[in-house]
Amino acid sequence: MTPADMVLTPRGLRFRGRYLPCAIGRGGIAADKREGDGATPRGVHRITGVLYRADRMARPCARARAIGPRDLWSDDPDAVDYNMPVRAPYAPSHEVLRRADPLYDLVLLTDWNHPDAVAGRGSAIFVHRWRRRGHPTEGCVALGAGDLAWLARRITPHTRLIVR
């Protein structure tokens, strides 16, 4: 571990000496993550990018990319673009990144099963805003809006999410 790492602990997400309250997947933590199991995958995950809603917030950091109205994420294990960003129109199963609710107003992308996805191992493990404190995710790590913004301003290209 390095000081640049985010570490999931029983007290929350530890980063730069702070513990940030967070939520994880409804399926708990899994060493053998599968598509649809709701689990947060155990392991060391690099933060590969930052997405944000430019119509709702200022750019949180230099490497952040605005989410457009046609931006999606493929979650269809049978699709050639499985676990990749795609654009609408897109027929296979996908997740809309430009949501009506604020969950994906700011998203840290991880390298879980990406870019060389193995069908069925799970897609789209993000760090994003929570629905409400303690409410489980579908496998992502979620934080309050203020903590997520604080985090996004401080991550580096070397930051990793460590889930034990």
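**View 1. Strands E7 and E15 run antiparallel to each other, paired through four bridges.** This is a predicted model, where local features need pLDDT of at least 70, side-chain atom pairs count only at pLDDT 80 or more, and totals for chains, interfaces and linings use all residues. Residues are numbered from 1 along each chain as its sequence is written, and side-chain values use heavy atoms, with hydrogens and water left out. Strands (E, at least two residues) and helices (H or I, at least four) are DSSP runs numbered from the N terminus, and two strands count as paired if DSSP finds at least two bridges between them. Look for His45, whose bridge partner in E15 is Leu161. E15 also pairs with E1, this time in parallel, and three bridges hold that pairing. Here Val7 has Ile162 of E15 as its bridge partner.

**View 2. E13 pairs with both E12 and E14.** Strand E13 takes in residues 126-129, and two bridges join it to E12 in the antiparallel sense. Leu108 has its bridge partner in E13, namely Val127. With E14, E13 runs parallel over three bridges.

**View 3. The largest nonpolar core gathers 23 residues.** A nonpolar core here is a set of buried Ala, Val, Leu, Ile, Met, Phe, Trp, Tyr and Cys residues joined through side-chain atoms within 4.5 Å. Buried means under 20% relative accessible area and exposed means over 50%, with partly exposed in between (1.4 Å probe, protein chains only). Met6, Leu13, Leu108, Val127, Leu151 and Leu161 have the most contacts inside this core. At least two core residues come from each of E1, E2 (12-15), E7 (43-52), E12 (106-110), E14 (141-143), helix H1 (145-154) and E15. H1 gives the largest share, with five residues. Zoom in on Leu151: setting aside neighbours within four places in sequence, Leu151 is in contact (heavy atoms within 4.5 Å) with Met6, Leu13, Phe15, Leu20, Leu108, Val127 and Leu143. There is also a second, separate core of 11 residues, and Leu51, Leu103, Leu109 and Ala124 are among them.

**View 4. Arg160 and Asp5 make a salt bridge, with their closest N and O atoms 2.7 Å apart.** The partners sit in distant parts of the chain, 155 residues apart: Arg160 belongs to strand E15 (residues 160-163), and Asp5 lies in the segment before strand E1 (6-9). A salt bridge here means a side-chain nitrogen of Lys or Arg within 4 Å of a carboxyl oxygen of Asp or Glu. Side chains of opposite charge can pair when their charged atoms come close. Asp5 counts as buried because its relative accessibility is 3%, while Arg160 is partly exposed at 24%. The structure holds 13 salt bridges.

**View 5. Lys33 and Asp37 meet through their side chains in a salt bridge of 2.6 Å, N to O.** Lys33 has a relative accessible area of 3%, so Lys33 is buried. Asp37 comes out at 25%, so Asp37 is partly exposed.

**View 6. Arg99 and Asp101 form a salt bridge, the closest N and O atoms being 2.7 Å apart.** Salt bridges with shared partners tie Glu95, Arg99, Asp101 and Arg131 into one network. Asp101 is partly exposed with a relative accessible area of 22%, and Arg99 is partly exposed at 21%.

**View 7. Ala145, in helix H1, is set against Pro115 and then the whole chain.** The two C-alpha atoms are 27 Å apart in space, and the residues are 30 apart in sequence. Ala145 has a relative accessible area of 36%, so Ala145 is partly exposed. Of its 164 residues, 49% count as buried. Among contacts with a separation of 6 or more, 60% are between residues 24 or more positions apart. The accessible surface (Shrake-Rupley method, 1.4 Å probe; for residues, only the protein chains shown count as cover) comes to about 8000 Å², and 51% of it belongs to carbon and sulfur atoms.
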